[in-house]
Amino acid sequence: MEQRLIIVGGGVIGLLSAYLLASAGQEVVLLESGETGTEASWAGGGIVSPLYPWRYSPAVTALAHWSQAFYPQLGGRLLEQTEIDPEVYETGLYWLDLEDEDEALAWAERQGRALGRVPLEQVHAAVPELGEGFSRAIFMPGVANVRNPQLLRALREALARMLSVRVIEHCPVTGFVREGARVVGVQTAQGEMRAERVVVAAGAWSGNLLATLGLELPVKPMKGQMILFKCAEDFLPSMVLAKRRYAIPRRDGHILVGSTLEDAGFDKTPTEDALESLRASAIELLPALADATVIKHWAGLRPASPEGIPYIGPVLGHDGLWLNCGHFRNGLVLAPASCQLLTDLMLGRPPCIDPEPYAPVGRL
């Protein structure tokens with residue numbers, strides 16, 4: 001069967017790409033090897049900012065800023081269409097005892113971002129449960145988090161209501177169908193499927209898939225583990241981050257604490273060592289969590305790429321093949337801009353941001 005457009009991968013990048021392309025009139029088939037929204041997109045914390053935005057290249061910053069501005073609108077649109085609330089929750093973010101605080105403040109001034117030093121007494125007043133022993137703090141108001149499992153459910157439901165979209169789960173893609181230099185479809189567990197264009201949005205698995213074409217895509221899995229507590233709804237009013245660990249409040253009192261960064265291949269097994277380390281970090285940040293039960297502990301695989309800069313655009317020498325992958329730690333942060341940019345490029349529209357830094361050309 002021939003389809004106009006196949007997207008490989010049912011995480012936030014694949015789902016949102018399908019949503020935006022279908023909203024623009026494209027016929028889309030989305031293929032997912034397991035169930036949609038169950039890998040890195042589900043496993044992440046959902047902070048709508050890189051953890052340390054000043055440490056990233058201008059390419060990541062451009063995607064992040066566009067996405068941050070778009071998220072409230074996206075959340076509202078999905079809630080209206082599906083009655084599922086992605087819970088874009090604006091809390092602000094405190095960084096404690098940063099070693100590169102001066103660089104952070106200089107970056108914010110250059111970028112025109114609201115970020116400033118705050119007295120510790122002010123932090124303790126705003127976050128009464130914060131632990132002692134910290135000496136400095138900076139705060140960025142307006143930083144939100146999105147409840148990523150809800151976002152994924154909303155996107156899946158939105159696609160289910162679109163007549164121009166088919167989502168096929170439990171359908172691993174094993175390779176591509178080619179005619180000469182052109183990619184004209186994919187090989188799947190359910191047989192050959194043809195399309196005018198194929199988008200690879202398979203996260204940490206994207207490199208393995210492109211290797212079947214002899215392409216070396218430097219995207220590999222990096223394991224991250226997180227834990228979840230349930231507290232009172234007003235327990236933590238803002239996100240807090242110290243010593244590379246963070247706590248994120250949801251509106252209903254769930255508190256996420258993360259995360260590890262491990263080079264463990266495709267192993268997603270949660271470990272006792274990580275659980276103890278994350279719990280110790282949680283208690284150092286918020287001592288009252290010593291009396292709270294860890295209600296969930298899980299691991300996901302981030303699609304690590306050089307400098308965390310994703311690959312977005314067509315692949316030179318393989319007509320019909322497009323990429324939207326390699327977002328490393330920031331898939332949820334960068335998804336709106338990445339998927340809008342892909343949509344703009346595929347439809348020949350003026351791009352929402354300069355596409356050059358993300359182009360696969362010269363990077364593969």
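**Close-up views: cavity and open sheet**

**View 1. Lining of the largest cavity.** In this predicted model, domain 1 (4-64 + 149-218 + 307-358) and domain 2 (93-141 + 220-304) each supply at least three residues to the lining of the largest cavity, with domain bounds taken from an automatic or database assignment. A cavity is a set of points on a 1 Å grid over the protein atoms alone where a 1.4 Å probe fits but cannot get out, and lining residues have an atom within 4 Å of a point. The search of the whole structure finds one cavity of 30 Å³ or more; the largest holds about 60 Å³, a volume being the space filled by probe spheres set on the points. Its lining includes Ser49, His65, Trp107, Arg113 and Met140. Helix 3 (residues 58-82) gives the largest share, four residues. Local features need pLDDT of at least 70, side-chain atom pairs count only at pLDDT 80 or more, and totals for linings use all residues. Residues are numbered from 1 along each chain, and side-chain values use heavy atoms, without hydrogens or water.

View 2. Eight strands form an open sheet in the order 5-6-4-13-14-15-12-16, with mixed pairing; strands (E, at least two residues) and helices (H or I, at least four) are DSSP runs, and pairing requires at least two DSSP bridges. Strand 5 (116-117) and strand 16 (294-304) are edge strands with a single partner each, so one side of each has no neighbour in the sheet.

**View 3. Helix 4 on the sheet.** Strand 4 (residues 93-96) and strand 6 (residues 137-140) run antiparallel, joined by four bridges. Helix 4 (residues 101-111) packs on the sheet and touches strand 5 and strand 6, contact meaning heavy atoms within 4.5 Å.

How values were computed:
On a 1 Å grid over the protein atoms alone, a cavity is a set of points where a 1.4 Å probe fits but cannot get out, and a pocket is an open set with protein on both sides within 12 Å along at least five of seven lines; lining residues have an atom within 4 Å of a point. Axes are lines fitted to C-alpha atoms, for helices over the stretch in contact, and angles run from 0 to 180 degrees between N-to-C directions.
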